[in-house]
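Subject: Structure for your review

Dear colleague,

Please find below the structure that I am handing over to you. My findings follow it, and I would ask you to read them with the structure open.

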Amino acid sequence: MKRIIALTMAVLMVVAVLAACGNSNNTATEAAKATEAAKATEAAATADQKAAGADLDNIKAKGKLVVGITDFEPMDFHAEGGEWVGFDADMAKAFAGNLGVEVEFVEIDWDNKILELNGGTVDCIWNGMTLTEEVTSAMDCSDPYCNNAQVVVVNKDSADKYATADACKELNFAVESGSAGQEQAEAYGFKFTEVKDQATALMEVASGTCDAAIIDSLMAAAMIGEGTGYAQLTYTASLNSEEYGVGFRKGSDLVAKCNEFFAAAKADGTMQATAEKYGVQAALIK
């Protein structure tokens, strides 16, 4: 009986040793796979960074700067005949000219701006873009050039009732998907519907589909009130304060070029003159 017990224990010990070896081999294999995956990720990131670092050479080779925008008066909007104009559009044209290339504007889904940029569809995002944490963590951005705020837009006949953010809790808002306006709506706990762009948000309020909208104060000043297409609308509560910047791919050598251009445009009066043309001079960062 003792011999049987001893033999059984010996067999169990062998099985345990083999299992331990198997587990050790599996652990080593998994560790090796993890190491290879990390190396591949690092190599891909390095390749992306090198590619972004050559953005200036790439746009010169193709002869154009591709700019991602949305319909956002007074920054980027269509003039009669379909040409893109506005403070940002005109400055982007001047920047492209400074680099010796043409400019091409591509209207994008604002919610996908980071994907459009990293995917190479556009070379930069230049569209009254608020420098949020999401933006600055995903892009390399220019120096800020304009101050802005997110404001509540309502019908004039109800403006007195919704003069503060707290008073707006009962409203259903229209906000541009992926925008700073949506961010503020979430921060204040407002009910909201996501729409394509800020222009559509205004249309929703004008048509009565939504009670209110949250848009950029620069756009509100240009597009609503007496003498505009939205004379029945007005803006009330200011929800925050923010700054605009131009976004480029991480590691892009175009960032420094843009900052140099901005400095020169401020010094020679180009930026001031362009701002006055579109009525945004009060928002310029000096």
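Two residues are said to be in contact, or to touch, when heavy atoms of theirs lie within 4.5 Å. With that in mind, Lys196 touches Glu107 and Glu176, leaving out residues up to four places away in sequence. Please note that the model is a predicted one.

**Overall picture**

The protein has 286 residues, and 43% of them are buried. Its secondary structure consists of ten helices and 13 strands. The accessible surface amounts to about 14,200 Å², and carbon and sulfur atoms account for 54% of that. Of the contacts between residues at least 6 apart in sequence, 70% join residues at least 24 apart.

**Three individual residues**

Lys196 sits in the loop between β10 (191-195) and α7 (198-207). With a relative accessible area of 55%, Lys196 is exposed. Its C-alpha atom is 9.8 Å from that of Ala174, although 22 residues separate Lys196 and Ala174 in sequence.

Val175 belongs to strand β9. Is Val175 buried or exposed? Its relative accessibility is 0%, so Val175 counts as buried. Apart from residues up to four places away in sequence, Val175 touches Gly181, Gln182, Ala185, Phe192, Thr193, Glu194, Val195 and Ile214. Between the C-alpha atoms of Val175 and Cys210 there is a separation of 9.9 Å, and the two residues are 35 residues apart along the chain.

Lys113 is part of helix α4. Although buried, Lys113 has no salt bridge. Which side chain of opposite charge is nearest to Lys113? That side chain is Glu134, at 4.4 Å.

**Salt bridges**

Side chains of opposite charge can pair when their charged atoms come close. How many salt bridges does a search of the whole structure find? The search finds ten.

One of them joins Lys62 and Asp123, whose closest N and O atoms are 3.0 Å apart. Lys62 lies in helix α2 (residues 55-62) and Asp123 in the loop between α4 and β5 (124-130), so this pair ties together parts that are 61 residues apart in sequence. The two partners can be compared by their relative accessible areas: Lys62 is partly exposed at 41%, whereas Asp123 is buried at 4%.

Asp123 also forms a salt bridge with Arg249, and here the closest N and O atoms are 3.5 Å apart. Arg249 is in the loop between β13 (242-248) and α9 (254-267), while Asp123 is in the loop between α4 and β5, so the pair ties together parts that are 126 residues apart in sequence. Both Arg249 and Asp123 are buried. Together with Asp55, the residues Lys62, Asp123 and Arg249 are linked in a network of salt bridges.

Another salt bridge is formed by Glu226 and Lys156, with their closest N and O atoms 2.8 Å apart. Glu226 lies in the loop between α8 (217-223) and β12 (233-238), and Lys156 in the loop between β8 (150-155) and β9 (172-176), so parts that are 70 residues apart in sequence are tied together by the pair. Glu226 is exposed, with a relative accessible area of 67%, while Lys156 counts as partly exposed at 37% relative accessibility.

**A negative surface patch**

Which residues form the negative surface patch? They are Asp109, Asp111, Glu133, Glu134, Glu183, Glu186 and Glu194. Two helices, α5 (133-138) and α6 (180-188), each supply at least two residues of the patch. Asp111 is located in the loop between β4 (102-107) and α4 (113-118). At 42% relative accessibility, Asp111 is classed as partly exposed. Glu134, named above as the nearest side chain of opposite charge to Lys113, is also one of the patch residues.

Yours sincerely,

A colleague

Key. Residues numbered from 1 in each chain as written. Predicted model: local features only at pLDDT ≥ 70, side-chain atom pairs only at ≥ 80, totals over all residues. Heavy atoms only, no water. Patch = residues over 30% accessible without salt bridge, like charges linked within 9 Å, V, L, I, M, F, W, Y side chains within 5 Å. Areas by Shrake-Rupley, 256 points an atom, 1.4 Å probe, with all protein chains shown as cover. Salt bridge = Lys/Arg side-chain N within 4 Å of Asp/Glu carboxyl O. Lys, Arg positive; Asp, Glu negative; His and termini not counted. Charge placed at Lys NZ, Arg CZ, Asp CG, Glu CD. Helix = DSSP H or I, 4+ residues; strand = E, 2+ residues; numbered from the N terminus. Buried < 20%, exposed > 50% of the residue type's maximum accessible area, 1.4 Å probe, protein only.
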